[in-house]
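Work through the exercises below with the sequence and the 3D structure at hand. Each task is followed by a solution in steps.

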Amino acid sequence: MQTEARVGVAVDGGVRKLVQKQPPPQQIGTLSQLLAGGVAGAFSKTCTAPLARLTILFQVQGMHSNVATLRKASIWNEASRIIHEEGFRAFWKGNLVTIAHRLPYSSVNFYSYEHYKKLLRTVPQLQSNKDNVSADLCIHFVGGGLAGITAATSTYPLDLVRTRLAAQTNFIYYRGIGHALQTIIKEEGLLGLYKGLGTTLLTVGPNIAISFSVYESLRSFWMSHRSDDSPVVVSLACGSLSGIASSTG
């Protein structure tokens, strides 16, 4: 894609000068954002998969271990057990379904957020205060929360399968993504795919609401003071800060 520099004429003290106008900063396309976000998310999840699996195993350890084993529990001991009993590749159990979950989750989250923002802007009270900072913050917070709930609900079966695959140790009950889905539906019914959804939504809703609110506020503030900065740099910086804020909030 070629960008054109426009030339204008400025008059200074009766002398005409040619002034070259720089084109506006190039925006990132929607498809590029989704692909970049999906690939980056998949890469980061793959890198942190061993820690994620250790976290899940510690969370369910009390269900499968005796008191003596629990007293010796530590990251090093559990990591050593995985290597000796299951092999090094076992650190990435459930990672494939995590990657499969990431792209649709990001897509639904992004598109539903834009849809909810447009919908909220039609509310009379918010429409009459569209230039108000508080109204914008309310739209971003509520829209982000609803988008997070929508994305989490629509992709929750994959999230459930990921957790159950990662929680397996020596005894292999689920042989893969497809087998896990079939087994859960057969033994627990279709609603079994949504066990724990309520607790998840209580976490995801506020988390995504804070994330979008902080991101939009930081990005707006940044661009109003440094409009010439690269959109990629701005998005990465604001996205990182909003992620930290939502995780610690």
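**Exercise 1.** Check whether the length of α9 agrees with its number of residues.

Solution. Helices (H or I, at least four residues) and strands (E, at least two) are DSSP runs, numbered from the N terminus. The expected span of a helix is 1.5 Å times one less than its number of residues. Just after α9 comes Gly 189, with a positive phi of about 85 degrees.

The model is predicted: local features need pLDDT of at least 70, side-chain atom pairs count only at pLDDT 80 or more, and totals for chains, interfaces and linings use all residues. Residues are numbered from 1 along each chain as its sequence is written, and side-chain values use heavy atoms, with hydrogens and water left out.

**Exercise 2.** Find the buried and the exposed residues of α9 and say how they are placed.

Solution. Step one is the cut-off: buried means under 20% relative accessible area, exposed over 50%, partly exposed in between (1.4 Å probe, protein chains only). In α9, the residues Ala 180, Thr 183 and Ile 184 are buried. They cover an arc of only 100 degrees around the axis, so they lie on the same side of α9; the arc is that of the directions from the helix axis to the C-beta atoms. An α-helix has 3.6 residues a turn, so residues three or four places apart point the same way. Gln 182 and Lys 186 are exposed, on the face of α9 turned away from its buried side. The cover over the buried residues of α9 includes α8.

**Exercise 3.** Describe the largest nonpolar core and the elements that build it.

Solution. A nonpolar core is a set of buried Ala, Val, Leu, Ile, Met, Phe, Trp, Tyr and Cys residues joined through side-chain atoms within 4.5 Å. The largest one has ten residues, among them Val 97, Tyr 156, Ala 180, Ile 184 and Leu 197. Two or more residues each come from α8 (156–167) and α9 (177–188). The largest share, four residues, is given by α8. A second, separate core has eight residues, including Ala 147 and Phe 212.

**Exercise 4.** List the contacts of Val 97, leaving aside its neighbours within four places in sequence.

Solution. Contact means heavy atoms within 4.5 Å. On that basis Val 97 is in contact with Leu 158, Val 161, Arg 162, Leu 165 and Ile 177.
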